[in-house]
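Subject: Structure handover

Hi,

Here is the structure I promised to pass on.

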Amino acid sequence: MGNIPTTVKHCLSYEQLIRDYPWLKRWLVEQKSLTTHEYPEFVKIVEVGPRDGLQNEKEIVPTGVKIQLIDMLSGTGLPVIEATSFVSSKWVPQMADHTDVLKGIQRASHVQYPVLTPNMHGFQDAVAAGATEVAVFGSASETFSRKNINCSIDESMLRFKEVINAAKERQIPVRGYVSCALGCPYEGHIEPSKVTEVAKRLYEMGCYEVSLGDTIGVGTPGSMVKMLHSVMEEVPSSALAVHCHDTYGQALANILTALQMGVCVVDSAVAGLGGCPYAQGSSGNVSTEDVLYMLHGMGIATGVDLAKVIVAGEFICNALHRKTNSKVAQARGHGSLGHALL
C-alpha cells in the first residue's frame with residue numbers, strides 16, 4: 001500500500017474485514033453495547049415494607065401501627081405500596097388483620113395499594129375489603145412452592161388463572177411474583193429456564209408486571225445477568241421488576257445490573273424490613289432509602305422524597321424496637337428508638 005498513512009490502511013483493512021465477514025459489524029456493535037450502559041430516566045419504586053417487610057415479624061404488629069406506616073409512606077411520593085396479604089391467618093398470623101388494614105388506610109389518589117391473593121378465597125375477601133389491585137405469587141422452585149403455598153407449580157398456575165380471570169372481569173390489574181429466581185433455600189441453584197417458564201406463564205395469563213424475586217438474597221450480578229437474559233427472551237423488560245433481598249450484601253449491585261439491562265421497576269422495603277417465613281436465613285429486603293439514595297445519585301428520577309421515607313423508617317423501627325437496616329438512614333442518624341443507633 002506504499003506510502004498510504006497508517007490510519008488509512010486501518011480503515012481499508014476494516015472495510016475489507018466487513019466485506020469478508022458480514023457478521024463482524026454486528027458483533028462489534030454488540031460488544032460496544034456491553035460496555036456502554038444506558039440507565040432509565042425514571043424508575044418506579046414498589047414499596048413492599050407493610051406486607052413483605054412485616055409478614056415475618058414474630059410479635060404481632062398492631063393494626064394501627066401498620067395503618068400509620070402506610071399512611072406515612074403514602075405521603076412520600078411512592079407510586080405503589082403493597083398493603084397486606086389476604087392469606088390464611090393459620091399460615092401467616094401477622095396478616096390476619098388484612099381487612100382492617102385495607103379499610104383503615106387513607107388512600108392517596110396517586111398511589112396503588114396492591115394486596116397478595118393466593119387463591120379465589122383470598123381474592124374475594126380482598127375485593128370485599130376494597131382492593132383495587134391484587135398480586136399472585138408463584139415460585140421457580142417446586143419445593144418452595146409446596147412449602148410456601150402448599151401446592152405444586154402447575155397447581156399454583158391453575159389457581160392463579162382463576163384469580164386473574166376473575167380480576168379481568170372486574171378490571172382489577174394483577175401483578176405477578178416469581179420467588180427463588182436466583183436461588184432456593186431447599187433446592188439451591190435454580191436454572192434460569194425455570195424462572196423464565198414461570199414468568200412467561202404469569203405474563204401470558206395477564207399479569208401486567210412480573211417481579212423476579214431473589215428470595216434468599218444469594219444472587220450476584222453474574223447470576224442476575226444470566227437469569228434476566230433468559231427471561232427477557234420471553235417477557236419484555238417493560239413488564240419486569242426485580243425484588244432483591246440483601247442477605248449477602250448484593251442487592252444494590254443486582255439492582256444496578258437489572259437497570260443496565262432495561263428493567264425500570266424495583267421492589268424495596270422501608271428500613272430494609274423483611275424476610276420470608278418459608279426461607280430460613282433470608283434477611284430483609286433491600287432498603288427503600290438505600291435504593292433511592294443510589295438512584296438519585298445517578299440522576300435517575302423516582303418522584304419519591306427520601307427524607308420522608310427515612311422518617312417513616314424511623315417510625316416503624318421504633319415501633320418494632322429495632323435498628324434500621326438502611327445504611328443511608330444510619331449514616332444520617334436515623335436508626336431507631338429516637339435516633340439512638342444501637
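Let me start with Gln94, which is found in the loop between β3 (84–85) and α5 (98–104). Helices here are DSSP runs of H or I with at least four residues, strands are runs of E with at least two, and both are numbered from the N terminus. Gln94 counts as buried, at 2% relative accessibility. For that label, buried means under 20% relative accessible area, exposed means over 50%, and partly exposed is in between, with a 1.4 Å probe and protein chains only. Leaving out residues up to four places away in sequence, Gln94 touches Leu54, Gln55, Glu57, Glu59, Ile60, Val61 and Lys66; a contact means heavy atoms within 4.5 Å. Thr84 is ten residues from Gln94 along the chain, and their C-alpha atoms are separated by 9.5 Å.

Before going further, some ground rules: this is a predicted model, where local features need pLDDT of at least 70 and side-chain atom pairs count only at pLDDT 80 or more, while totals for chains, interfaces and linings use all residues. Residues are numbered from 1 along each chain as its sequence is written, and side-chain values use heavy atoms, with hydrogens and water left out.

The overall picture

The protein has 14 helices and nine strands. Of its 342 residues, 51% are buried. Among contacts between residues at least 6 apart in sequence, 72% join residues at least 24 apart. The accessible surface comes to about 15,400 Å², and 53% of that belongs to carbon and sulfur atoms; these areas come from the Shrake-Rupley method with a 1.4 Å probe, and for residues only the protein chains shown count as cover.

Helix pairs

Axes are lines fitted to C-alpha atoms, for helices over the stretch in contact, and angles run from 0 to 180 degrees between N-to-C directions. Angles under 35 degrees count as roughly parallel, over 145 as roughly antiparallel, 65 to 115 as roughly perpendicular, and the rest as oblique.

Helix α8 (residues 153–169) packs on helix α9 (residues 192–205) at an angle of about 20°, with the axes 10 Å apart. That makes α8 roughly parallel to α9. On the α8 side the contact is made by Ile153, Asp154, Met157, Phe160, Lys161, Ile164 and Lys168, and on the α9 side by Val198, Arg201, Leu202 and Met205. α8 passes α9 in a right-handed crossing; a crossing is right-handed if the near helix is turned clockwise from the far one by less than a right angle, and left-handed if anticlockwise.

Next come helix α11 (residues 251–260) and helix α12 (residues 288–297), whose axes come within 11 Å and cross at roughly 45°. That makes α11 oblique to α12. Leu252, Ile255, Leu256 and Leu259 of α11 make the contact with Asp290, Val291, Met294 and Leu295 of α12. This crossing of α11 past α12 is right-handed.

Then there are helix α4 (residues 63–74) and helix α13 (residues 306–320): their axes come within 9 Å and cross at roughly 170°. So α4 is roughly antiparallel to α13. Val65, Gln68, Leu69, Met72 and Leu73 in α4 meet Val311, Ala312, Phe315, Ile316 and Ala319 in α13.

Individual residues

Glu209 sits in strand β7 (residues 209–214) and is buried, with a relative accessible area of 4%. Beyond residues up to four places away in sequence, Glu209 touches Lys44, Val46, Val174, Arg175, Gly176, Ala239, Ala241 and Val265.

Two non-glycine residues have a positive phi. Gln171 has a phi of about 55°; its place is in the loop between α8 and β6 (174–179), and Gln171 is exposed at 73% relative accessible area. Cys180, with phi near 60°, is found in the loop between β6 and α9 and is buried, at 0%.

On cysteines, the structure holds zero disulfides, a disulfide being a pair of cysteine sulfur atoms within 2.5 Å. Cys151 is buried, with a relative accessible area of 1%, and Cys244 is also buried, at 1%.

Finally, Ala108 is in the loop between α5 and β4 (115–116). Ala108 is buried, with a relative accessible area of 19%. Ala108 and Gly75 are 33 residues apart in sequence, and C-alpha to C-alpha they are 7.9 Å apart in space.

Cheers
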